[in-house]
Amino acid sequence: MAFLAFAEPGNAGYARATAPTRPAPAPVTPRVVEMEEERPVLTELERSVIGIARQDGLATLRQPGRLSRWLGLVFGVRISPQLADPKLEALRRIAVLSWKRGYSIASAEVKAFLAVGYSPAFYELVVDTIAAARQSEVRRARR
């Protein structure tokens with residue numbers, strides 16, 4: 001019968017048996033890095049749509065009725081200033097509402113604006129830009 005002495009210094013098993021053990025490493029949890037959302041910027045086209053919306057009234061947000069369409073055909077009157085691009089039309093609608101009502105915009109309109117692809121940060125940018133322009137108009141009028 002063979003005998004292996006693990007406790008003897010010259011034995012290979014000695015080094016393994018008496019070596020200090022390291023604690024198991026802590027499980028690695030993925031670090032969630034919150035990326036700072038880029039601030040949206042208005043393009044020149046979007047600025048011009050907001051400027052055009054300044055002149056539009058709330059009536060331009062409704063679909064024209066049969067009588068309005070008929071009068072437009074007969075007399076060549078511009079019926080509605082709706083834009084052909086659905087995304088720009090959504091921007092125009094929000095801009096008209098912001099110019100006329102400030103921050104009091106129906107949640108259905110905001111949801112429709114977000115549904116066409118705009119972000120909530122972009123919505124805030126548009127409304128804040130219009131509010132700043134309205135404030136500057138009020139200040140100029142008071143002078």
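Arg93 is partly exposed, with a relative accessible area of 21% (buried means under 20%, exposed over 50% and partly exposed in between, with a 1.4 Å probe and protein chains only). The side chain of Arg93 meets that of Glu109 in a salt bridge, with an N to O distance of 3.0 Å; a salt bridge is taken as a side-chain nitrogen of Lys or Arg within 4 Å of a carboxyl oxygen of Asp or Glu. This pair links distant parts of the chain, as Glu109 lies in helix α5 and Arg93 in helix α4, 16 residues apart. Helices (H or I, at least four residues) and strands (E, at least two) are DSSP runs, numbered from the N terminus. The model is a predicted one, in which local features need pLDDT of at least 70 and side-chain atom pairs count only at pLDDT 80 or more, while totals for chains, interfaces and linings use all residues. Residues are numbered from 1 along each chain as its sequence is written, and side-chain values use heavy atoms, with hydrogens and water left out.

Salt bridges that share partners join Asp56, Glu89 and Arg92 into one network. Helix α4 spans residues 86-101. Leaving aside neighbours within four places in sequence, Arg92 is in contact (heavy atoms within 4.5 Å) with Val49, Ala53, Asp56, Thr60, Leu61, Pro81, Gln82 and Leu83.

In total, the structure holds four salt bridges. One of them joins Arg54 to Glu137, the closest N and O atoms being 3.0 Å apart. Here too the pair links distant parts of the chain, with Arg54 in helix α2 and Glu137 in helix α6, 83 residues apart. Both partners are partly exposed: the relative accessible area is 27% for Arg54 and 31% for Glu137. In general, side chains of opposite charge can pair when their charged atoms come close.

The chain contains six helices and zero strands, and from the N terminus on its elements run α-α-α-α-α-α. Of the 143 residues in the chain, 24% are buried. Among contacts between residues at least 6 apart in sequence, 65% join residues at least 24 apart.

The largest nonpolar core has 22 residues, and those with the most contacts inside it are Ile50, Leu91, Phe113 and Val126. Such a core is a set of buried Ala, Val, Leu, Ile, Met, Phe, Trp, Tyr and Cys residues joined through side-chain atoms within 4.5 Å. The elements that give two or more residues to this core are α2 (44-55), α4, α5 (107-115) and α6 (120-142). Helix α4 provides the largest share, eight residues. Not counting residues up to four places away in sequence, Leu91 touches Glu46, Val49, Ile50, Phe113, Tyr118, Phe122 and Val126.

Several of the aromatic side chains also group together. Phe113, Tyr118, Phe122 and Tyr123 form one aromatic cluster. Rings of Phe, Tyr and Trp (its six-membered ring) pair if their centres lie within 6.5 Å; planes under 30 degrees apart count as stacked, over 60 as edge-to-face and the rest as tilted. By this rule the count comes to four aromatic pairs. The rings of Tyr118 and Phe122 are stacked, because their centres lie 4.8 Å apart and their planes meet at 10 degrees. Tyr118 and Phe122 are both buried.

A nonpolar surface patch is formed by Leu67, Trp70, Leu71, Leu73, Val74 and Phe75, with about 690 Å² of accessible area together. Patches are made of residues with over 30% relative accessible area and no salt bridge; like charges are joined within 9 Å, and nonpolar side chains (Val, Leu, Ile, Met, Phe, Trp, Tyr) within 5 Å. Leu71, one of the patch residues, lies in helix α3 (residues 66-75). Leu71 is partly exposed, with a relative accessible area of 32%.

Definitions and conventions: Accessible areas come from the Shrake-Rupley method with a 1.4 Å probe; for residues, only the protein chains shown count as cover.
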